[in-house]
Amino acid sequence: MKQAWEDLGTEYEASSSVAIGDCDCTQHQSVCSKHGVSGYPTIKYWNAGDKEGKKYSGGRSISDLKKFVEVRAVCLRVVSFPLLATNPRSVGCRTTSR
């Protein structure tokens with residue numbers, strides 16, 4: 001999962017509508033608690049403007065994750081807690097893109 005997540009971050013690094021990130025729940029317990037994360041990794045996504053994230057329950061391979069993003073064509077936040085986020089840094093987390 002870790003490599004697929006990093007590859008997904010690289011794939012969308014230049015995107016203006018999708019950001020792929022993660023959040024270390026040992027460092028950002030309040031963020032994880034706020035979003036109902038109790039097991040790891042948990043992937044959540046937000047459509048642009050959503051206040052509440054939805055739990056992603058699809059496949060964990062790079063092809064599954066890319067297909068999800070492409071089909072939805074939405075602005076995402078996800079929590080690994082990967083965090084698929086429009087701005088992961090706004091909640092004290094980092095993007096996976098380097």
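## Lys44 in strand E2

Lys44 belongs to strand E2, strands being DSSP runs (E) of at least two residues and helices DSSP runs (H or I) of at least four, both numbered from the N terminus. This is a predicted model, in which local features need pLDDT of at least 70 and side-chain atom pairs count only at pLDDT 80 or more, while totals for chains, interfaces and linings use all residues. Residues are numbered from 1 along each chain as its sequence is written, and side-chain values use heavy atoms, leaving out hydrogens and water.

Lys44 is buried (under 20% relative accessible area; exposed is over 50% and partly exposed in between, with a 1.4 Å probe and protein chains only). Lys44 has no salt bridge (a side-chain nitrogen of Lys or Arg within 4 Å of a carboxyl oxygen of Asp or Glu). The nearest side chain of opposite charge, that of Glu52, is 6.1 Å away. The Lys44 side chain does reach the backbone oxygen of His35, at 2.4 Å.

Pro41 lies in the loop between helix H2 (29–34) and strand E2 (42–45). The peptide bond joining Tyr40 to Pro41 is cis, with omega near -5°.

## Helix H3

Leu65, Phe68 and Val69 are buried in helix H3 (residues 62–72). Seen down the H3 axis, the buried residues fall within an arc of 90°, so they line one face of the helix; the arc is that of the directions from the helix axis to the C-beta atoms. The face turned away from the buried side carries the exposed residues Lys67 and Val71.

Note on methods:
Lys, Arg positive; Asp, Glu negative; His and termini not counted. Polar contact = N/O pair within 3.5 Å; in protein donor to acceptor, adjacent residues only side chain to side chain.
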